[in-house]
Amino acid sequence: MTPMQWALTGVLLITVPFGLSMLGSGIAALKGTRLDAGAADPCYVFGVDISGLLYNLFMCYWLVIFSAPIAMGCWIWAAIQAWW
């Protein structure tokens with residue numbers, strides 16, 4: 001892989017979980033549903049309760065904790081390859 005591909009991989013490892021979390025928060029805010037780390041209030045769309053989906057999306061921010069060190073390694077490796 002090229003250094004640019006390594007750097008892009010690192011960026012994606014951070015932005016995808018954070019983006020999913022923001023998506024869940026945004027949908028809950030649009031629907032006026034309370035969503036926090038404890039639980040989600042019932043949220044109905046076309047007669048289907050999507051509170052579990054919103055909660056799972058919201059909790060994706062925890063993936064950043066696990067993916068951040070890997071992303072940092074990708075960026076360091078990209079810098080090393082670019083230097084050589």
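**Before you start.** The model is predicted: local features need pLDDT of at least 70, side-chain atom pairs count only at pLDDT 80 or more, and totals for chains, interfaces and linings use all residues. Residues are numbered from 1 along each chain as its sequence is written, and side-chain values use heavy atoms, with hydrogens and water left out.

**Select the whole chain.** Colour by secondary structure. The order along the sequence is α-β-β-α-α. The radius of gyration is 17 Å, well over the 12 Å that the globule rule gives for 84 residues, so the chain is more spread out than a compact globule. That radius is taken over C-alpha atoms, and the rule is 2.2 Å times the number of residues to the power 0.38. Along its principal axes, the C-alpha trace spans about 55 × 25 × 15 Å.

**Switch to a surface view.** The accessible surface is about 5700 Å², and carbon and sulfur atoms hold 78% of that. Areas come from the Shrake-Rupley method with a 1.4 Å probe; for residues, only the protein chains shown count as cover. Of the 84 residues, 24% are buried. Buried means under 20% relative accessible area, exposed over 50%, partly exposed in between (1.4 Å probe, protein chains only).

**Select residues 62-83.** This is helix α3, with 22 residues. At 1.5 Å a residue it should span 32 Å, and its end C-alpha atoms are 33 Å apart, which agrees. The expected span is 1.5 Å times one less than the number of residues. Now centre on Ala68. α3 bends there by about 35°, and Pro69 follows within four residues. The bend is the angle between axes fitted to the seven residues ending there and the seven starting there.

**Select Ser67, Ala71, Cys74 and Ala78.** These α3 residues are buried. An α-helix has 3.6 residues a turn, so residues three or four places apart point the same way.

**Select Arg34, Asp36 and Asp41.** A network of salt bridges links them. A salt bridge is a side-chain nitrogen of Lys or Arg within 4 Å of a carboxyl oxygen of Asp or Glu. Arg34 meets Asp36 at 2.6 Å, N to O. Arg34 also meets Asp41, at 3.2 Å, N to O. Arg34 is partly exposed at 41% relative accessibility. Asp36 is partly exposed at 30%, and Asp41 is partly exposed at 30%. The whole structure holds two salt bridges.

Note on methods: Helices (H or I, at least four residues) and strands (E, at least two) are DSSP runs, numbered from the N terminus.
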